Amino acid sequence: MQKVVEFKKKRFFGGIDMDALNQRVFELGQAGWQVKTITTATGVYGQVTSVLLLIENNE
């Protein structure tokens with residue numbers, strides 16, 4: 001089974017919180033999910049608004 005997860009948590013001064021993103025990827029791995037692809041979603045002026053994760057498990 002595959003699904004897309006959107007990660008939106010940002011740092012206080014802007015940008016994606018990479019520590020929180022890495023923690024989320026770790027948690028997904030512990031739950032049996034494997035990240036297949038990571039891409040960014042951007043706003044009108046090119047700023048990163050979120051990170052999209054395509055994840056997969058063996059169900």
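Let's start on the outside of the helix. The face of α1 turned away from its buried side carries the exposed residues D19, F26 and Q30. Exposed means over 50% relative accessible area, buried means under 20%, and partly exposed is in between, with a 1.4 Å probe and protein chains only. Helices here are DSSP runs of H or I with at least four residues, strands are runs of E with at least two, and both are numbered from the N terminus.

A word on the source. This is a predicted model, where local features need pLDDT of at least 70 and side-chain atom pairs count only at pLDDT 80 or more, while totals for chains, interfaces and linings use all residues. Residues are numbered from 1 along each chain as its sequence is written, and side-chain values use heavy atoms, with hydrogens and water left out.

Back to α1. Which residues of α1 are buried? They are A20, L21 and L28. They cover an arc of only 100° around the axis, so they sit on the same side of α1. That arc is taken from the directions from the helix axis to the C-beta atoms. These buried residues pack against β1 and β3. Contact, by the way, means heavy atoms within 4.5 Å.

How far does α1 reach? Its 13 residues span 18 Å from the first C-alpha to the last, close to the 18 Å expected at 1.5 Å a residue. The expected span is 1.5 Å times one less than the number of residues.

Now the ends. D17 caps the N-terminal end of α1, with a side-chain oxygen 3.2 Å from the backbone nitrogen of D19. After α1 comes G32, and its phi is positive, near 95°.

On to the sheet. It is open, with three strands in the order β1-β3-β2 and antiparallel pairing. β1 (2-7) and β2 (34-42) stand at the edges with a single partner strand each, so one side of each has no neighbour in the sheet. The twist averages 20° from one strand to the next. Two strands pair if DSSP finds at least two bridges between them.

Let's count bridges. β1 and β3 are joined in the antiparallel sense by six bridges. β2 and β3 (residues 48-56) pair over eight bridges, also antiparallel. L52 in β3 is the bridge partner of T39, and E6 stands opposite L52 as well. I38 has L53 in β3 as its bridge partner. β2 and β3 form a hairpin with five residues between them, and G46 in the turn has a positive phi of about 90°.

How does the helix meet the sheet? α1 (residues 18-30) lies across β1, β2 and β3, at about 15° to β3. Axes are lines fitted to C-alpha atoms, for helices over the stretch in contact, and angles run from 0 to 180 degrees between N-to-C directions.

S50 is in strand β3. At 1% relative accessibility, S50 counts as buried. Its side chain makes a polar contact of 2.8 Å with that of E6. A polar contact is a pair of N or O atoms within 3.5 Å; within protein, one must be able to donate a hydrogen and the other to accept it, and residues adjacent in sequence count only if both atoms are side-chain atoms.

Then I16, in the loop between β1 and α1. Buried or exposed? I16 counts as buried, at 9% relative accessibility. Leaving out residues up to four places away in sequence, I16 touches several residues, including F7, V48 and S50.
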